[in-house]
Amino acid sequence: SPYMYFTSYIVLGNFMLLNLCVAVILEAFAEFVNSDDDAEAAKNDLLKKIGQFKAAWLRHDPGDRLFMPAYRVVAFLEELPPPLGLPDAAEMETPRSPRSQRQSFIGAQEKALVGAALDKAQHQTAHRVRSHSDSPA
């Protein structure tokens, strides 16, 4: 009876291990097949964006001189989709003015300096209190 148990245990264990290995291989193959589909979609998307770029360029450079005056650049960028051109106004976060950025930076810098000065003053006060309490009266 122990021989029968040991043999069935080894056979079933090997069978389960083999199935596990096959499952891992099949999953890797499925990911490989799906990645080809994703790569093809990305390639088609890139070709579409290149076509949009070429069409917009030709509208702003009708003489095909590979030159665009500076005053047409903004209009050109506005025609392109967001990854290539300018983002929509709704997608842009409101920029902070340089003055408010400078003020917040100065505020943070001042807070750090004040904090350091307070720490130093507290340390000196604690040192004086200890030295006065240690000295004989």
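## The question

Which residues do ring pairs link into a cluster? They are F53, W57 and F76.

## The model

This is a predicted model: local features need pLDDT of at least 70, side-chain atom pairs count only at pLDDT 80 or more, and totals for chains, interfaces and linings use all residues. Residues are numbered from 1 along each chain as its sequence is written, and side-chain values use heavy atoms, with hydrogens and water left out.

## Ring pairs

A pair of aromatic rings is described by the distance of the centres and the angle of the planes. Rings of Phe, Tyr and Trp (its six-membered ring) pair if their centres lie within 6.5 Å; planes under 30 degrees apart are stacked, over 60 edge-to-face, and the rest tilted. The count comes to four aromatic pairs. One of them is F53 with W57, which is stacked, at 6.3 Å centre to centre and 20° between the planes.

## F53 and W57

Both residues sit in helix α1 (residues 2–60), four residues apart, so about one helical turn separates them. Helices are DSSP runs of H or I, at least four residues, numbered from the N terminus.

F53 is partly exposed, at 34% relative accessible area. W57 is partly exposed too, at 22%. Buried means under 20%, exposed over 50%, and partly exposed in between (1.4 Å probe, protein chains only).

## W57 and F76

W57 also pairs with F76: the centres are 5.5 Å apart and the planes at 90°, so this pair is edge-to-face. F76 lies in helix α2 (residues 73–79) and W57 in helix α1, so the pair ties together parts 19 residues apart in sequence. F76 is buried, at 5% relative accessibility.

Methods. Helices (H or I, at least four residues) and strands (E, at least two) are DSSP runs, numbered from the N terminus.
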